[in-house]
Amino acid sequence: MPLYIAKRLAIGVGTIWAAFTLTFLLVHSTDNSPGAVRLGMGATPEEVEVENERLGWNRPLLTQYADDLGKMVRFDFGQSLINRGDVRDQLSDRLPVTASISVLATLLAGIVGTALGVVAAVRGRGTAKAVNAFSGFSLSIPSFWLGVVLVYFFAIRLDLLPATGYSRFSEGVGSWLQSLALPVITLAIGGAAVVARMAASGMREALAREYITTLRAIGTPEWRIRYIHALRAASLPVVGALGVQFIVLFGGSVIIENLFALPGIGQAALFGATGNDFPILIGVVVMSTAVVVITNLVLDLLTAVLDPKLRTR
Amino acid sequence: MKQSSRLLRLLAVLLALVLVTAACGDNDDDASPGAGDSVADSGDAAPSGDDSGDSGDAAPSGDAAPSSGGLTLTVALESDYSPATYNPQAYALSQFPFHSLLYDSLFVTTSDGEIVPNIVTEFATNEEATQLTFSLREDLVFDDGSPLDAELVKANLDRRLEEDLRSYSLFGEGQEGEIADVVVNGPYEVTIHWAFEQGIANGHEFLADNVGAIVGPNGAADSTTLETAPEGSGPYRLDLDASTRGATYVLRKWADHWNADAYAYDTIIFNIITDAQARANAVLSGEADLAIKIEPNQINQLESEGALAKIGGTVAAVNVLDKTGERVPAFGFVETRHALSLAIDRQTIVDALRPGARPTVQYFPEQAVGFDPTLNERYAYDPDRARELLASVGLEDGFEVDKVVLGEPTDVELAIQRMWQEELGVTLNFPAVTNTGELFASVNTTAIIINEWGLGLRPAGFVAGPVTSGFMNTQGAESEAISSVLGPALGGNPEALVALNNALVDEGWWIGLYETFTYAGYNPDSIQGVPFGGISGIVVMADVEPVG
Amino acid sequence: MTTTVQSNPPAIEVRDLVVRYGGGRRAMKTPPAVDGVCFDIAPGETLGLVGESGSGKSTIGKALLGLQPPTEGTIWLHGKDVTTASLKERRTLASELRVVFQDPYSSLNPARRIGQTLAESLRLIGIKGDAARARAITTLESVGLPSDSIDRFPSQFSGGQRQRIAIARALVRDPNVLVLDEPVSALDLSTQAQVLNLLADLRDEHKLAYLFIAHDLGVVRFLAHRVVVLYRGQVMESGPVEDVTSRPRHPYSVALTAAAPVPRPAEQIDRRAHREALSVGSASTAPPDPKGCPFASRCPLADGQCHAERPMLRLIGGQRVACHHAEQVGVTWPPPPN
Amino acid sequence: MSSIRQAKHQRIPAFLRSWGGVFGAGWLIIMFLASITARWWRPYDVAEQDLIARLQGPSSEYWLGTDAVGRDLFSRVFTAGALPLQASAVMVLVAFGIGLPLILIAAERGGRVEEAIGRFAETIMSLPSTVILLAAIGAIGNRIYPVMMIFGLLVSAALYRILIGVAKSSRQHLYIDAARVDGMGSIRVNLAHVLPSMARPIAVQAAIVYAIGLLIINGLAFLGFGPGEPQPSWGFMIKDASDNIFNSPWMMVPPGVALSLTVMAANALADALAGPLGIPEYTPPKRRRTISASPAQQSEGTDNLALSVRDLSVVVEGGPTLVSGISFDLRQGEVMGLVGESGCGKTMTARSLLGLLPAGVEVSSGSIIWQGRQIAGLPERDTIKIRGREIAMISQEPMVALDPLFSVKSQLTRPLRRFRGVGRREARRIALELLRQVGIVDAERVLRCYPHQLSGGMAQRVAIALALTGSPKLLIADEPTTALDVTVQAEILSLLRALVAETGMSVLLVSHDLGVVADICDRIAVMYSGQVVEAGTVAEVLEDPYHPYTMALLGANPHVADDAPEPERLAAISGSVPPPGNWPEGCRFADRCQFAASECSVAFEPEPAHVDGMSLCIRTGELRRTGAQWAPEHRGAELAVESEAP
C-alpha cells in the first residue's frame with residue numbers, strides 16, 4: 001500500500017511536470033513578447049526589447065526552462081505581467097473559490113448521480129428510461145447556456161439566489177453555500193448525468209453477478225443485496241468516474257466563474273489568456289494540475305478503501 | 001534508494017505546499033474578529049429581496065462580507081481599476097473612484113462638477129498665471145507616521161517625466177500643463193511654475209483627482225513599491241488579506257483620517273465583474289449596491305427596476321489614426337475621411353442601438369464650450385455625396401480597412417461595417433486579438449479605432465494629449481489648422497475651442513458618431529443615487545450615501 | 001543431448017525450454033511458466049501434454065507457435081531451429097505447423113465468412129482467387145462440413161461445427177504438425193467424441209504429428225501415443241500413454257490418474273478408496289521452492305532431499321520420471337485402500 | 001449433423017434501427033450539409049443587419065427572429081454549425097490518430113511498453129484540459145484548429161484509458177493468435193482483425209468525444225475565443241443573447257437549441273451505436289409472477305421423502321419451454337445427480353427449486369413438494385425463508401460466487417447472525433468451525449482473506465461453508481467441480497460426501513460428467529431436451545443403461561477401465577442438442593438415435609425401468625430384448641461426408 005501511494009504520487013509529480021512543460025512550450029512556441037505585454041500601449045520596440053532582456057526572455061530556451069522549472073518546484077511563478085503581483089499569492093487567493101465550486105459540484109454530481117443511477121437500476125424499465133433520458137438531455141445542454149437561464153430565472157426573475165459573487169466560507173456557511181448554489185448546480189448537472197449512467201450500469205452489472213445469486217440462495221434480504229453488496233460494487237466505477245468528473249468540472253469552472261463573476265482560478269485563466277499574462281497562465285496550469293493530482297490521489301485512496309484487491313496489494 | 005527517498009520528501013513538500021496554500025486562502029480571515037455578526041444582526045440572514053432598506057446596509061450576500069462592523073458598500077466595477085499598480089498617477093480619471101478612497105488628492109471634483117480644494121487649504125495664481133501657489137493641511141500623515149508635506153508633493157510632481165505615470169503626461173514636455181519647476185516655499189507651501197509663457201489661468205484644475213493624488217514617500221521614491229500595496233493617506237485602507245487581486249478589493253475606513261466623517265461606509269468592497277450582464281444582475285439581485293458602468297444592452301432591464309443613473313458627456317467616434325495614408329493609402333485623402341463620415345446613418349444607429357443618445361459628428365459634447373451645432377448640419381448623413389467624394393479620389397470601388405477588436409466587435413461597429421459596405425463598398429474587417437497588449441499595439445499599424453470617450457472636464461486637453469501627440473497620432477501627423485488654435489483653446493478661449501472642434505472634423509481626424517451617457521446601476525433600496533462628478537462621468541465616491 | 005537420425009528428424013524437438021512472462025527484475029523473481037522442458041514428437045505421432053491449470057502446457061504450445069518467445073531453450077521443426085524464427089520465416093513454417101485452439105467461439109473472426117478466414121490463410125502463401133476457394137471447399141468437406149459453409153458466418157455454426165472449421169483452417173495449408181490446444185474441452189460429451197474421432201481419422205489419413213494439450217487424462221489416453229505430465233512448468237513424467245496412465249511412476253501422476261472419475265460406479269468406488277488413501281495434499285498458492293521438487297509440498301513421500309534438490313528425469317521402466325522416490329511408487333506406495 | 005443456422009445479417013446497421021440512432025445520424029448529417037451549404041440558401045447574409053428590426057422574435061420575415069443588430073438568427077444559426085462540426089471532427093481525428101496507434105501498440109506489446117504508454121496517458125489525462133486550452137490560446141493566439149488539435153491530444157489519453165481494455169480483450173480472441181500463427185504481420189493483424197473487432201466501441205467513443213468537442217468549441221466561443229464577427233458561432237450567439245436576455249429572452253433559444261440538439265444527436269448516436277449494454281435488466285424478485293401451481297398432493301411413500309417434484313415445467317415468458325414435465329423424488333440424506341449435455345435444462349430445474357430463475361423465466365406448471373409443503377409458486381417473501389435455512393446452493397464458478405469486496409469473515413458471519421441469532425463473537429466462532437468442517441486447516445487466516453486471495457478449491461470450500469451457514473437440509477450443487485482441476489475436484493467430491501454423511505442432508509448435484517456422478521451420487525436422472533429420459537440408481541443406470549441416450553453418453557466417454565484397451569473410435573452422437581422451442585414431436589432424441597424407428601415420432605409415456613426408475617423410450621423393451629449396444633463409429637467414418645446427411 002505505501003508503495004502504491006508512492007507510485008501514485010510519482011505519477012502526480014510527473015503530471016505536474018508535464019503540465020508545466022506543455023505550457024512552457026506553448027508559451028515559447030510563437031514569437032511572444034512578455035515585454036510588450038508588460039509595458040502595454042505606447043512602448044517602443046527598443047523599450048520592449050530592453051524589458052524582454054530584463055525578464056530574461058532572450059536567454060537560451062533550456063536555461064529558461066531549467067530556471068523556471070526550479071522556481072516551479074517552489075511554486076514560484078514570478079510576477080504577473082499585467083498587475084505585477086506575485087502569481088502564487090494571487091492564485092492561492094483564488095484557489096479556495098474554484099476548489100469550493102468544483103468539490104461541491106463533484107459531491108453534488110456524485111450524490112445526485114448515484115441516487116438517480118440506483119433508482120434507474122432497481123426501479124424497472126420505465127424509471128431507467130426516464131433517468132437515461134434525463135442524463136442524455138443534461139449531457140447535451142451546454143453549461144454556459146444553462147447557467148445564463150438559471151440566473152435569469154432564479155436570480156433575476158424569482159430573486160431567490162445571488163446571481164454573482166463569492167462569499168467566503170469563513171464568513172458563514174450559509175452565505176457561502178448561497179453564493180455557490182447556482183454555479184454548483186449549473187456545473188453539477190452534467191456531471192450527475194455521467195455519474196447516473198455509470199452508477200446505473202454499475203448497479204445492473206453488479207446485480208447480474210454470480211455472487212448475487214449466491215447471496216439470494218442463502219436468503220439475504222433484497223435491500224441488503226442492493227444497497228450493501230451491489231451499491232458497493234457499483235461505487236468503484238462511480239468513484240473512478242468522479243475523478244474524471246472532477247477534472248472536467250474543475251475545467252468547466254472557467255466558464256462558470258466568468259458567468260457568475262466568481263474570483264477563482266478559472267477567471268484568472270481567462271484574464272491570463274486574454275491578457276497574454278504568461279506567468280499567470282503557467283501558474284494556473286500548474287496549480288490546477290496540482291489540485292487535480294491531489295484530488296485523484298484522494299479518490300485513489302478511496303478506491304483502495306472500497307476495493308480489497310487494491311488494499312491488500 | 002537514496003534518490004527515491006529524496007523524491008518522496010520532495011513529494012511530501014509539494015503536497016504540503018498545495019494543501020497549505022489552499023488552506024490559507026480560506027482561513028486568512030479567521031484572524032479578523034468575527035464581528036461580522038453585528039451586521040447580520042441588523043440585517044437579515046434571509047436572501048436578497050427582502051432588504052427593506054432598513055439600515056441601508058449592503059445587500060444580504062454582500063453583507064456577509066468581511067467587515068469589522070458598520071455599513072458596507074459593495075461596488076461592481078467593469079474592470080480592474082488598479083490592474084498594474086496601486087499608483088493613482090498611473091491611471092486615468094475614470095479609475096479614480098477606486099483610488100480616491102485610498103489617496104488624498106490636492107483638489108477634487110465634486111458631484112456638482114466643480115473642482116474644489118481638498119487637502120489644499122488655500123491657493124493662489126500670480127497675475128501672469130505662470131505660477132500656482134498653494135498651502136496644505138498640516139495634519140496629514142501616512143500609516144508609518146511620515147507627513148504629507150510640501151517636500152512630498154514636490155517629490156510626487158517631480159516624477160512627471162516617468163513613462164508609467166500616464167496621468168502626469170500632461171505635465172510633460174510640450175504638453176498643455178508642462179511644469180517648469182516645483183518650489184517648496186515652506187513645510188506646507190508649494191509653488192508650481194508653469195512652462196507656458198502665457199500661463200495657465202485655471203492651473204489648479206490640473207492638480208485635481210488622480211493627477212493631484214499624493215502617494216507616500218516610499219512610492220514617491222520608487223514607484224515599483226506601489227505595485228504590491230497602495231501607500232496613501234486617504235480615508236480608507238486596502239485590506240490586502242481580504243482582497244483578491246483583479247477580483248475583489250476590500251477597503252476599510254481609516255477612522256483617523258481628517259475627513260473620515262464625510263464617508264458613510266465603514267467598508268467598501270469593489271468586485272470586478274467584467275461580464276456586462278453579470279454586472280447588471282449583481283445590482284438587480286442585490287449583490288452590489290452600485291455598478292459602474294452599465295452597457296446599453298442592460299439599460300432597459302435596470303431602468304425598469306428604477307436602478308439606473310446616467311450622465312452625459314461621452315462621445316463616440318471613429319478616430320482616424322492613419323492620417324498620412326501610410327497604412328491604408330485611401331486614408332491619405334481627406335475626401336475619404338469625409339466620405340466615411342457622410343456614409344454613416346447616425347440617426348439609425350442611435351435609434352436602434354443607443355436609445356437616448358444624440359447623433360453628432362463633432363468632438364465637443366453639447367454641454368461643453370466649443371460645441372458647434374452647424375457642424376452636425378454640414379456633415380449630415382449623405383451617402384450620395386459620400387460616393388461622389390470617394391469617386392473624386394478614384395476610390396469608387398471602395399477599399400478595405402481593418403479595425404482590431406478584442407473578442408468580438410460591438411453592435412455599433414457592426415452597424416458601421418454594414419453601412420460602409422452598402423453605401424461605399426468599403427470593407428471594414430475586424431481582425432480579432434486575444435489580449436489587450438495586441439490591441440494596444442495595433443494603434444501602430446491600423447488606420448482607425450472606434451471608441452466611446454469620456455473626455456472629462458477639459459476636452460481640449462485630450463486633443464493636446466492623445467489626439468495630436470499621443471497614441472492616436474503615432475505617425476506624428478501635423479495639421480496647421482489644429483495646432484494653430486490648440487494653444488488658445490487650452491487656455492479656455494471659447495472661439496478657439498470652436499475653431500479646434502471645426503478643425504478636428506474638417507481635417508477628418510475625428511469622425512464623431514454620437515454623444516451618449518455614461519450609465520451606472522444602483523440599488524435604490526440601499527443607496528440614494530449615483531453622484532456623478534459632472535460630465536467627467538466618474539462617480540464621486542465620497543458622496544455615495546446610504547438610504548435613510 | 002541425443003543426435004537425431006539424419007534422414008528422418010522428429011517433427012518437433014524441444015530442448016530445455018524455459019518461458020517467463022513479462023520482463024525485468026520482477027519477472028525473474030516469479031517462477032517461470034515453463035521450466036526446462038524437453039520432448040520430441042515423431043512424424044505421425046501424437047504427444048499428449050497433461051497437467052492442471054497453471055502447469056504451463058498452453059505456454060509450451062504458444063512457444064512452439066511463436067506466440068510467446070521462449071526465454072531459453074531451442075525448438076526444432078523438422079530439424080530446423082525455429083526458436084526465434086522471424087515473421088517471414090514463420091509464414092512458410094506456418095504451412096507445416098498449425099494450430100487448433102480450445103474455444104471455438106473465439107477462434108474464428110465473427111465478422112468474416114468462413115471462406116474469407118480460410119482464404120486469408122492461403123493468401124499469405126500466395127494462393128488466391130478460385131484456387132484458394134477450391135482448396136477451402138475441399139478442406140471443409142474433409143472435416144465433414146458441407147461446401148456451402150464457405151459463404152457463411154461463424155455465428156451460424158454450433159460449437160462442434162466451429163471446431164471443425166478451426167480444424168479446416170489448420171489443415172488448409174496442408175501441414176504436417178498440429179498443435180491442438182485443448183480442442184475438445186469446451187465441447188459437450190457427444191460433440192467431443194465426434195471431434196476426437198475426426199482428429200484421429202485425419203491423423204491416420206494425413207500422417208499428422210499432434211501436440212495434444214489437454215487436462216483430461218481420458219481424452220489424452222484416447223488420442224495420444226505418448227504423454228508428458230507437467231506440474232508447475234516442469235516435466236514430472238513422460239512415456240507411452242498406456243504406461244503412464246496405468247502404471248504411473250511419479251506421485252503426481254498417481255494422484256492425477258486416481259483423481260479422474262470413471263462413469264462406472266463399481267469401479268469408481270475402488271478408485272475413490274484408492275484416491276483417498278493417497279493423502280496427497282492440496283495445492284497451495286504459494287510458489288514452490290525453486291531449489292527442490294515443485295510437488296514436494298503436496299507429496300506424501302517428500303523428505304529433506306525433495307525440498308533441497310530438484311529431481312532429474314530418470315528412465316524407469318518405459319517412462320522418464322522426475323522423482324527421487326520413483327522406485328517406491330507402485331511398490332510400497334500408495335498403500336492399499338483400507 | 002444438425003443443419004446450419006440461417007443467416008441473420010441484415011443490410012441496415014443495427015444502430016440505425018433505434019430512434020436515437022436515426023435522430024443522431026440524421027440530425028448531424030442534416031446540420032452538417034445545411035451549414036456548409038448555408039451560403040447558397042439562407043434567406044439573409046450572416047452580416048446583413050436590419051437595425052429597425054433588432055431583437056425580434058420569430059416572424060414570417062425572420063423565422064427565428066433577429067439579434068441585437070437585427071441580423072437574421074435563422075441564417076446565422078445554420079451557418080454557425082459548419083465550424084464546430086468540422087473543427088470537432090478534426091479534433092476527433094487527431095485524438096484517434098494519436099490514441100489508436102498507442103492503444104494498438106500497447107495492447108500488442110503489453111508489459112513494459114504498455115506500462116510506459118499507460119503512465120503517459122494517465123499523466124495527460126490528469127491535466128485540466130479547459131485550463132490548458134485557455135493557456136494555449138493565451139500562448140499561441142485564438143486559432144481554433146490548432147487549439148482543437150491540442151485538445152485532441154489531451155483526449156487521446158482518455159481514449160487510451162477507455163479503449164485499451166477493449167483492445168486487450170479483442171487481442172485475446174484466439175483468431176488473432178490464429179492469424180499470427182498463419183504468419184500475418186503485426187500491422188495486418190491489427191488492421192484486419194483487431195481494429196474491426198473494436199469498431200463499435202471506437203464508434204461510440206468517437207461520437208461521445210465529438211459531442212464534447214462541440215461543447216468545448218462553443219464554450220471557448222462563449223468566452224470570446226470564437227471565429228471573428230460577423231462569422232457566427234453558437235457560443236458567441238449565446239453570449240450575445242445573455243447580454244440581451246432582459247430585452248429579448250428569445251434570443252437564447254435558437255443557438256441554445258441548435259447546439260444542444262447537435263450535441264444530443266452525437267450523444268444519441270453514441271448510445272445507439274453502443275446498443276443494449278448486454279447487462280441483463282434487473283428485475284426485483286417481488287415483481288416476478290408466481291404460478292398457480294397445483295395443490296400439494298401427498299405423494300405415496302412419504303417415509304423419508306425430502307423433495308418431490310411432479311410435472312415441473314419451466315418456460316421463458318412469452319418464449320420457448322425450457323423444461324417440460326419433469327418429475328423426480330429425493331430422499332433425506334440421498335445424493336441425486338442430474339446429468340445431460342448443456343442446454344438440456346438441468347440448471348433451470350435445479351434453480352426452480354429455490355425460486356432463483358433468471359428474469360423472464362418462470363415455473364409454468366407442476367409442483368415442488370418440499371418437506372410436505374408446496375413451494376412452487378410461493379411468493380418471494382415466503383421463499384426467502386426457505387433459502388439458506390432449508391435449501392442452499394453452491395454454483396459452478398467458486399471464484400465469482402463470493403462477493404470480491406467483502407472478507408470471508410464478513411460474508412460468513414452476516415448470514416450466521418441472521419440464521420442463528422448469535423452475536424458477533426459467536427458468529428466468528430461458528431464461522432471458524434464451519435471452515436474447519438469444510439476442510440480448511442488454517443481457518444483463522446482464511447477468515448481474514450478476501451476472495452481474490454483464495455485458490456479455486458479454497459473458494460469452493462468457502463462457498464460450501466457459506467451454504468452451510470443456515471444448516472440446510474438440501475444442498476443444490478450446480479456443476480460444483482467443473483471449473484476446478486481434477487485433483488481439486490476429487491477433494492471437493494470427498495468433502496461433499498463427508499458432509500452428507502455428517503449432516504444427513506440431501507444433495508442435488510447437477511453435472512455433465514458421468515464420472516462425477518458415478519463418484520458421489522446414489523441416484524441419477526439423465527436429462528435430454530428438457531425431459532428426464534432415464535432415472536434410477538447410479539449403479540443400475542450407468543452399469544446397465546436402458547435409454548439409447550444414456551448408452552451413447554457412456555459410449556462417448558473416453559475413460560475406459562484401467563487395463564481395458566482404448567477403443568479405436570469413440571461412440572459419437574451425430575448432430576447436437578436441439579435448442580428449446582425446436583424440439584421434435586415424439587421422442588426428442590429420435591433424430592440422433594441409432595435405434596430410431598417410425599414409432600418414435602409420436603408421443604408416448606415413460607416406461608418403468610430398473611428397480612424403481614424409468615426410461616423415456618418407446619423401444620426400451622425391444623432394445624433390452626435384443627441387447628442393443630450403441631455402436632462406436634468405425635474408423636474413418638468422420639471423413640465420409642456422405643455419412644453426415646441425416
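Visitor: Contact means heavy atoms within 4.5 Å. Which residues of H18(B) do B:Ala460, B:Val463 and B:Val467 in H16(B) meet?
Guide: The model is predicted. On one side of this contact stand B:Ala460, B:Val463 and B:Val467 of H16(B). Their partners in H18(B) are B:Leu497, B:Leu500 and B:Leu504.

Visitor: How many nonpolar residues does the contact of H16(B) with H18(B) have?
Guide: By class, the contact of H16(B) with H18(B) has no polar and no charged residues. The nonpolar residues number six.

Visitor: Are H16(B) and H18(B) parallel, perpendicular or oblique?
Guide: Helix H16 (residues 459–469) of chain B and helix H18 (residues 494–506) of chain B have axes 11 Å apart, and they pack at an angle of about 40°. Angles under 35 degrees count as roughly parallel and 65 to 115 as roughly perpendicular. The angle of about 40° therefore makes H16(B) and H18(B) oblique.

Visitor: Which strands are the edge strands of the open sheet in chain B?
Guide: The four strands run in the order E4-E5-E7-E6 (chain B), with antiparallel pairing. An edge strand here pairs on one side only. The edge strands of chain B are E4 (120–125) and E6 (179–186).

Visitor: What angle does the direction of helix H5 of chain B make with that of E6(B)?
Guide: Helix H5 (residues 150–157) of chain B packs on the sheet and touches strand E5 (131–136), E6 and E7 of chain B. Its direction and that of E6(B) make an angle of about 170°.

How values were computed: Residues are numbered from 1 along each chain as its sequence is written. Chains are lettered from A and ligands numbered from 1 in the order in which they are written. This is a predicted model: local features need pLDDT of at least 70, side-chain atom pairs count only at pLDDT 80 or more; totals for chains, interfaces and linings use all residues. Side-chain values use heavy atoms; hydrogens and water are left out. Axes are lines fitted to C-alpha atoms, for helices over the stretch in contact, and angles run from 0 to 180 degrees between N-to-C directions. Helices (H or I, at least four residues) and strands (E, at least two) are DSSP runs, numbered from the N terminus. Angles under 35 degrees count as roughly parallel, over 145 as roughly antiparallel, 65 to 115 as roughly perpendicular and the rest as oblique. Ala, Val, Leu, Ile, Met, Phe, Trp, Tyr, Cys and Pro count as nonpolar, Asp, Glu, Lys and Arg as charged, and the others, Gly among them, as polar. Two strands pair if DSSP finds at least two bridges between them.
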